[in-house]
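This report goes through one structure, element by element. Please keep the sequence and the coordinates at hand while reading.

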Amino acid sequence: MINQVPSIKYPLSSFMNISAKNSINSKLKMRIPHLISIVGAGPGDPDLLTVKALRCIQQADVILYDALHGEEILELAGEHTEKIYAGKHYQDGQHQTERQDNIHTQLKKFANEGKQVVRLKAGDPFIFGRGAEELAFCMEEGLNVEVIPGITSGLAAATCFHIPVTLRSVNSMALFYTGHKRNGGFEDIEVVASVLKTKAPVMVYMGLKNLVFLSKELIGRDVPADIPIQIVSRVGHPDQQLFTTSLIEIERFLQTVDPPMPSVIIMGTHTHVIQA
């Protein structure tokens, strides 16, 4: 079964079309009773929250939270904070457009009640998190909104396991990529192959189930078959694990090993773990 990502309802042009009457300066915004904070929760470890994210969580009247794979961050909220699950899991059967519309409805409802709302999202809101859609909705509705960045899982995985993303005089870029398939294939697969051929790393999100297919597509485009693949499972949690294999070996590897989800994949010529 092919899992397709729903089309973005609020494209970049939405931000360009917001009328001047909704451009509220910072002093005026402070007089509006409600505040919606779209907050990046990072990979799951409460110690990796930003100070500002922690403050928002502690002051929230309502938290609409994603599948955070742990309760520790939610436990930082106040005693009377209302916590509402608004996330998704792999193949959970939810209609994603309806789910997103429901989130927008709740954001507006609680804002109209004058409440401090935290939309808590795993990782960073703007990296495969649909944060741009939620921000565009709030801006179009004239709601008081801010976005607080979080540590995205790809970078957290690399840093926690000492995998360099950039190396001086070796590679000058990195690519974030989704492992979802659309219309039977991988989008921008030629770009991914080109990046790997430059010896730069590619961080693949939501790609474990399609990793064998992706590897075959890359090898078929003359990407070196011995390029390392690092699979980091449950990054930011006490049971985080690292699994190491390669493009050519990944199919046989996954026949005997089942990395726990969520997992992020880091592949590239120089994505070896730095050791003494």
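Which residue is the bridge partner of Q230 in β10? The bridge partner of Q230 in β10 is I266.

## Basis

This is a predicted model, in which local features need pLDDT of at least 70 and side-chain atom pairs count only at pLDDT 80 or more, whereas totals for chains, interfaces and linings use all residues. Residues are numbered from 1 along each chain as its sequence is written, and side-chain values use heavy atoms, with hydrogens and water left out.

Helices (H or I, at least four residues) and strands (E, at least two) are DSSP runs, numbered from the N terminus. Two strands pair if DSSP finds at least two bridges between them.

## The sheet

Five strands form an open sheet of mixed pairing, in the order β6-β7-β10-β8-β9. Its edge strands, β6 (175–178) and β9, each pair on one side only. From one strand to the next the twist averages 25°; axes are lines fitted to C-alpha atoms, for helices over the stretch in contact, and angles run from 0 to 180 degrees between N-to-C directions.

β8 pairs with strand β9 (residues 241–246) in the antiparallel sense over six bridges, and Q230 stands opposite T244 in β9. With strand β10 (residues 263–267), β8 pairs in the antiparallel sense over five bridges. Strand β7 (residues 202–205) and β10 also run antiparallel, joined by four bridges. The bridge partner of M203 in β10 is I266, the residue that is also the β10 partner of Q230.

## Helices on the sheet

Helix α6 (residues 153–160) lies across β6, β7, β8 and β10, running at about 70° to β10. α8 packs on the sheet and touches β6, β7, β8 and β10, with a direction that makes about 15° with that of β10. Contact here means heavy atoms within 4.5 Å.

The axes of helix α7 (residues 189–197) and helix α8 (residues 211–219) come within 10 Å and cross at roughly 70°. α7 is therefore roughly perpendicular to α8 (65 to 115 degrees; under 35 is roughly parallel, over 145 roughly antiparallel and the rest oblique). The contact is made by I189, V192, A193 and L196 of α7 and by L214, E217 and L218 of α8.

## Salt bridges

The structure holds 15 salt bridges, each a side-chain nitrogen of Lys or Arg within 4 Å of a carboxyl oxygen of Asp or Glu. In one of them, E249 and R252 meet at 2.5 Å, N to O; E249 is partly exposed at 31% relative accessibility, whereas R252 is exposed at 55%. Salt bridges that share partners join D66, R119, K121 and E134 into one network.

R182 forms a salt bridge with E187, the closest N and O atoms being 3.1 Å apart. R182 is partly exposed at 27%, and E187 is partly exposed at 40%. D239 and R234 form a salt bridge with a closest N and O distance of 2.8 Å, and D239 is partly exposed at 38%.

Conventions. Buried means under 20% relative accessible area, exposed over 50%, partly exposed in between (1.4 Å probe, protein chains only).
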